[in-house]
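I opened a notebook for this structure and wrote down what I looked up. The entries follow the order in which I went through them.

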Amino acid sequence: QQQSCTIESVVPWFLDTMPGCYFRQVPETFRMDHIKAISAIKDANMDLHMNLQTELPDGRKVLTFLRPGTQPGRLLELVEHLPWNQNSKEYLPLSRVQVFGAQDGSLSLSVFVYGEEKTGDIDVKITGARILEYAKALQSGEYSDDERNPEPSELFERDKLIDYLKQCSETYITRSDPRRFLKQRLLFEGVSGSEGMAVSVEESIMDEHDAEGRYWVDIAVANSLPQVALQNSARLLFLHKFDVIRAHLDVVSDGENGNVTLLRMLVSPTDSDAENEETFRLLKREIKRSKWLDPTTMDLVFYRYPWLRVQRGEIITAFCSLMHPVMGKENPLAYSKANILEAVTKERYIGHAASIADLFLDRFNPTRPLSDKDLEARSEQLRKTIDSDVEDTNASELLNKMIDIVKHTLRTNIYLPNRYALGLRLDPRIMASEGENRELPYGVLFAHGRRFNAYHVRFRDISRGGMRLVTPHSSEQLALESAHQYDECYGLAFAQQLKNKDIPEGGSKAVNLIDAVDMSDVAKNFVMRKSVKAFTDTILDLVVETEDTRENVVDLLGKKEVLYLGPDEQVTPEDINWIVKRAAYRGYDTPNAFMSSKPRGGINHKEFGVTSEGVNVYLDVALRHTLGIDPTKDPFTIKMTGGPDGDVAGNELKILIREYGENVKIVGIADHSGCAEDPNGLDHDELLALVNTSKTISHFDKSKLGEDGVVHRIDAEEGVKARNSMHNRLKADAFVPAGGRPNTIDAHNYKHFLAEDGSPSSPLIVEGANLFVTAEARQALFDDAGVVIVKDSSANKGGVITSSYEICAAMMLTDKEFFENKEAIVEEVLAKLRNLAKMEATLLFREFENYGGSLPHVSQVISNAINTATDALTVALESLSKEDREVLLPLFRSHLPPTLANMAFDRVHDKVPEQYIKNAVASCLASKMVYKEGTKFIEAQPKENLAKVALKYIEKEKEICALKEALSNVDMPESEKNMILELLEAGGARTAMNLF
């Protein structure tokens, strides 16, 4: 009875004080719950402070927060403490938000709906009748004199509007004001199919009880976690001194592109100074950037030092991340990532960091870039100021390093209005540590974005290499990965350069380090996909030539750059498709070639086992030369890392069983899930079943094990230890690392691979995985135990060869032509890569047996010989006339798969960049010469004569071919004729040149 009386007194007050839109947009059942809750609070004589949780009939969860009064930052406070966010294992998507304030200021009421509302089961012509009628009147000109309404648009035509309504939830359609709905439709169109944001601000003049000085802020965010978009926007509004009086959030499907979060917030300035055009301009710009800002940057510019503003904050946090891998080598503790940021952003030193950011901004200001002379003068002045003001040695070194970064930056996208991350094209010397003696890369790209830092390192002008994503599981591991991220990228790119010796592209690699620590699986995947997009788009910012980049990017490099990507760890087919589409949209000259392994228009490495086909050629040759085993006749044992579900490992299992049958005993396999071991060999049929169903080794059926077989899983400590030590413990004729992290075997732990008597657990290692064994460990294993190791740059080059052919096909063929001839092209590519692997493997063991030294050393010598000759020829080709270069073009033609060459070689000059053609001719001639004549032939030539010798070599080889053709018609005994032909083939060209 008491509560009934309270309700009777609350209802009139509630009806009078809540805004009319509350009653239009909130269902009656919810309104009754709210009235009952308020009545209960008043009965208990408490403040209006209550949280309600209910569930809708379709299972969506609803949270309602009642709070006394209204105050700036209330929405931000609520959002920051919501459950089921991206860090929660029970993550749920936020699908709708409604925030209302009582008109007498006594109450704020906020409703958050979690879970996706189904679409498509409603008749939108009925549910959206009000919107359709309003649009019809708008299109007819009925509101032409009222500027408060949107302009007529083809998007508002009935059929198009009905199609759009089908993408929307019933709640959004029925609870939306038609005018608001159409305005948001225009914003949706502005970001549909993209990753962008659109922001609109207008004075509020159409709502009841509107006071002067209130504004509607409308935001459309493509593919953002709705809760993150709301939190970022609420934070910026609060920091710019606006109170959120009312708010609405809805999520609309954008088809294959994902979804668009639509935010609409009624705001009022809490400070009269905030109500000006400059504030709104800055607010819109920072809201648009907020989607892509790293949390570290946001903390720096939105909380600690708002005066910095976003651009300077991004530069400072980017430089701190960039310095970590370099400075950390000098002093890992003093220059940890956290300590670098803390030192640079201390209150006493942040002014100096801001001045360096200003130097960077002025250097690359597209309107009036800072000259070299002025850069030098200002840099020197900054150094003097730092020297006198900064007593902390570490901080001083860091600030001076930041000045060095400015001076070593050749391009940046800092002024591009719609960039996803901050990108720098660096002079590689900035990444070299003092006393370091290793080959300098051709170019380094660095990207700093939301929850990621990424490097792209390449060793030649035109290069290709994979993009890999690294997602550490803990903050400690993230810090460790950050410290050696650049070195890992460098090492992978250098290995790629060595293995790319047979193709026109030099070696490169991209490593994207992503902070997804403690996130739910859904949120982690979301952040990974965003990081791929942001990194890719940043690379395109720095290499494409468009009106936008010409106007906003100051180019101190002065040269167009061409590079190609491929997929590596954790990159998905969806990523690949997006990258190719984005390259086309951004104006990259050959978008289909920009990313290899496209699901339809590419040669999928895993599907066709291209890397493993090459690995197995080297294994076959190595078994014969090293252990005297003919694997087609003799039994032998193998142990592997990398699971049956992996690319290289899974396909290697298929090839081993295909080629050698019962001769091969696979005694152990380890992957991320565990390991399986059997001294009598793991069951072939069970292994193939795991490969074909893409399952990890922990799924191996224990009933298929022999008497001494075992399966270890990592859900137990014993299993982790067994998995981590399998590659060292088990004895086998050969070890094939076909998966696993780089540097697993290093100079500190290589002895674990040896038994107590010093003998190796395997006398032969064929590296299917990149950098599994460090260079120091390879040499130590050879010196201490005679382990023969076929280096990764030789063994697994099949993947890069295939990707190179795919790039050529993408440039020369249409998608339709490639798809129609894909089967034939793939078979020819496989044949070519096996042949190239066989030629190198034969030369590798010939020179190893003739000249000694470790096999990895011989492998590098071969790569260096081919690359040295290629570089010399590339330079020489620049000086040749077009006619002379045409004479060499058949080298490129013979390099291609015959089907591709026959179909499209007449298009080569129209479709393929000239520099690529030169590189192709040079690499083809160089590899041909080295594989036939050996590395000593190249080493014996003075570098300045190398190109001349190579060009003469090809002339003499043509003469020898003609001589062989003539000899074939001579009447003489076949045995004698064949002996002469073999002699001509083996050394005819070199003999004709009088070079011995």
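**Basis.** I am working with a predicted model, in which local features need pLDDT of at least 70 and side-chain atom pairs count only at pLDDT 80 or more, while totals for chains, interfaces and linings use all residues. Residues are numbered from 1 along each chain as its sequence is written, and side-chain values use heavy atoms, with hydrogens and water left out.

**Domains.** I looked up the domain assignment, whose bounds come from an automatic or database source. It lists domain 1 (1-114), domain 2 (124-291), domain 3 (302-593), domain 4 (610-798) and domain 5 (949-995). Between the C-alpha centres of domain 1 and domain 4 I noted 61 Å.

**Sheet.** Helices (H or I, at least four residues) and strands (E, at least two) are DSSP runs, numbered from the N terminus. Two strands count as paired if DSSP finds at least two bridges between them. I found an open sheet of seven strands with mixed pairing, in the order E9-E10-E11-E12-E14-E13-E15. Its edge strands, E9 (409-412) and E15 (563-567), each pair on one side only. From one strand to the next the twist averages 20°; axes are lines fitted to C-alpha atoms, for helices over the stretch in contact, and angles run from 0 to 180 degrees between N-to-C directions.

I then checked what packs on the sheet: helix H31 (residues 798-812) touches strand E13 (463-470) and E15, contact meaning heavy atoms within 4.5 Å. The direction of H31 makes about 115° with that of E13.

Within the sheet, E11 (residues 443-449) and E12 (residues 452-458) pair in the antiparallel sense over seven bridges. Ala447 stands opposite Ala454 in E12.

**Salt bridges.** I counted a salt bridge where a side-chain nitrogen of Lys or Arg is within 4 Å of a carboxyl oxygen of Asp or Glu. The whole structure has 71 salt bridges. For exposure, buried means under 20% relative accessible area, exposed over 50%, partly exposed in between (1.4 Å probe, protein chains only).

- Glu55 and Lys61 form a salt bridge, with the closest N and O atoms 3.6 Å apart. Glu55 is exposed at 53%, and Lys61 is partly exposed at 25%.
- Asp537 and Arg586 meet at 3.0 Å, N to O. Asp537 sits in helix H20 (residues 521-543) and Arg586 in the loop between helix H22 (573-585) and helix H23 (591-594), 49 residues apart. Both Asp537 and Arg586 are buried.
- Arg411, Arg425, Arg458, Asp461, Asp555, Lys559 and Glu561 are linked in a salt-bridge network.
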